[in-house]
Amino acid sequence: DATYNETNLDFGGKKIYLKGVDHNTTGAQPVIDCQSSGRAFYFHSGETEDSVVDNFTIKNGSADDGGVIYCDSSSPSIIDCVFSGNGASNNGGVIWCGNSSSPSIINCTFSSNIASVDGGVVYCNNSSPVLTNCAFDGNTADSGGAICCSNSSGPVLTNCVFNANIASSDGGAILCSNSSSPSATNCLFISNNAGNKGGAIYCNSSTLTLTNCTFNSNVAIFFGGAINCDASSNSTLNNCILWGDSALLGGNEVYSDMWCTVTLNHCCVDNSASAYGGGGTIDDSNNCIHDDPRFIDVVNFNCHLKPSSPCIDKGNNTYISGVGRDLDGDKRIVDGDGDGTGTVDIGAYEFNDIVYVDDVSGDDADDGLSWVTAKKTIQAGIDAASDWWLVLVADATYNETNLNFSGKKIYLKGVDHN
């Protein structure tokens with residue numbers, strides 16, 4: 001760990017694992033400070049996932065395209081890196097990938113990066129980067145405040161958070177255009193802003209697929225507070241929450257222009273006046289609900305579900321096949337309403353905070369985190385729970401008095417377990 005003022009580092013096609021370590025100071029990352037004199041890495045020799053950059057902080061990168069990393073027909077792995085204060089005078093404030101590049105970007109944080117044109121963090125042209133467990137916070141561009149995908153690109157996003165990204169034009173967090181097909185699973189879009197269309201996501205002549213994503217407090221000055229579809233785009237949303245977004249001229253949640261189709265399956269979406277807009281199709285007929293999802297703390301942007309949320313156990317398991325964890329890394333399918341059947345929740349977060357009580361087979365010495373290790377008494381269950389937890393009490397007879405919540409916000413629910 002030290003500061004390195006280097007630019008245009010080139011693997012030359014070699015399968016190298018470049019890893020930063022805390023040799024000098026415990027817990028510190030090495031820093032690559034490009035001093036605004038160029039980008040950090042240039043991948044152009046067919047590098048694959050075996051060319052790895054791991055555990056660096058990279059700042060002050062600057063280039064026409066790809067302020068930090070340029071991938072041309074190359075697909076390196078970028079792991080556990082922090083990118084802040086980088087920029088591009090054209091596209092891709094941090095990463096530019098083109099000509100069928102598919103870099104893997106894992107556990108990375110991107111904050112306060114900027115592109116003068118498109119993609120405040122990532123710009124992909126006929127490329128399909130894979131982004132997993134990444135956070136995008138306060139990045140800016142003309143379009144696609146965090147990500148812009150164009151020309152048949154297909155980025156895959158899993159367990160990512162998009163917060164307070166800004167596009168002066170379209171797509172506060174993401175813009176997709178020209179036959180692109182991005183997909184996102186277990187992602188949170190919150191407080192992103194577009195000066196024109198698509199507070200969180202703008203689609204133009206593209207196909208978008210979203211599964212178990214949550215949208216809240218995104219803003220578009222014109223149309224589509226959460227999502228805007230133009231130019232024959234098609235979007236499919238499965239098990240998603242769209243609530244509390246806004247657009248001044250129409251479609252607070254979804255705007256579907258003429259010849260576009262937005263399909264919502266098992267979603268929780270506001271359908272009040274001005275929530276939908278445009279002359280295209282918005283189909284919410286497949287088991288959608290239109291009730292407040294009951295986030296724990298909207299003011300502070302905590303979009304975890306309260307135990308009384310109507311989104312608990314109201315998704316469809318088929319849409320989440322093969323996905324075992326939620327955005328927090330917790331178990332994805334949980335029986336959150338105590339009816340004996342595990343069904344996925346709607347949104348990015350699965351409700352997991354449950355204490356089980358069963359007078360028949362329980363033991364207060366156990367942890368109470370499953371029916372197998374249930375508490376025996378109701379008071380023991382209450383004592384084991386924290387704010388916004390659910391205490392499920394199995395059908396039995398309990399000889400207890402003066403049960404005391406001690407001021408905690410707990411949902412105490414009786415169920416027919418036995």
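Author: Contact here means heavy atoms within 4.5 Å. The model discussed is predicted.

Reader: Leaving aside its neighbours within four places in sequence, with which residues is Ala 141 in contact?
Author: Ala 141 belongs to strand 19, residues 140-143. Neighbours within four places in sequence are set aside for this list. The contacts of Ala 141 are then Ala 115, Val 117, Asp 118, Gly 119, Gly 120, Ile 166, Ala 167 and Ser 168.

Reader: Does Ala 141 count as buried or exposed?
Author: A residue is buried when its relative accessible area is under 20%. The relative accessibility of Ala 141 is 6%, so this residue counts as buried.

Reader: How many residues apart in sequence are the parts tied together by the pair of Phe 110 and Phe 136?
Author: The two rings form a stacked aromatic pair, with 5.0 Å centre to centre and 10° between the planes. Phe 110 lies in strand 14 (residues 109-111) and Phe 136 in strand 18 (residues 135-137), so the parts tied together are separated in sequence by 26 residues.

Reader: Which residues is Asn 216 in contact with, leaving aside its neighbours within four places in sequence?
Author: Asn 216 is found in strand 30, residues 214-216, and is buried, with a relative accessible area of 2%. Its contacts, with those neighbours set aside, are Phe 189, Ile 190, Ser 191, Trp 243, Gly 244, Asp 245, Phe 295, Val 298 and Cys 303.

Reader: How many residues apart in sequence are the parts tied together by Lys 197 and Asp 230?
Author: Lys 197 forms a salt bridge with Asp 230, and their closest N and O atoms are 3.0 Å apart. Lys 197 lies in the loop between strand 27 (193-194) and strand 28 (201-204), while Asp 230 is in strand 32 (residues 227-230), so the separation in sequence is 33 residues.

Reader: What is the relative accessibility of Glu 350, the salt-bridge partner of Arg 332?
Author: The closest N and O atoms of Arg 332 and Glu 350 are 2.7 Å apart in their salt bridge. Arg 332 counts as buried at 0% relative accessibility. Glu 350 also counts as buried, and its relative accessibility is 5%.

Terms used:
Residues numbered from 1 in each chain as written. Predicted model: local features only at pLDDT ≥ 70, side-chain atom pairs only at ≥ 80, totals over all residues. Heavy atoms only, no water. Helix = DSSP H or I, 4+ residues; strand = E, 2+ residues; numbered from the N terminus. Buried < 20%, exposed > 50% of the residue type's maximum accessible area, 1.4 Å probe, protein only. Phe/Tyr/Trp six-rings, centres within 6.5 Å; stacked < 30°, edge-to-face > 60°. Salt bridge = Lys/Arg side-chain N within 4 Å of Asp/Glu carboxyl O.
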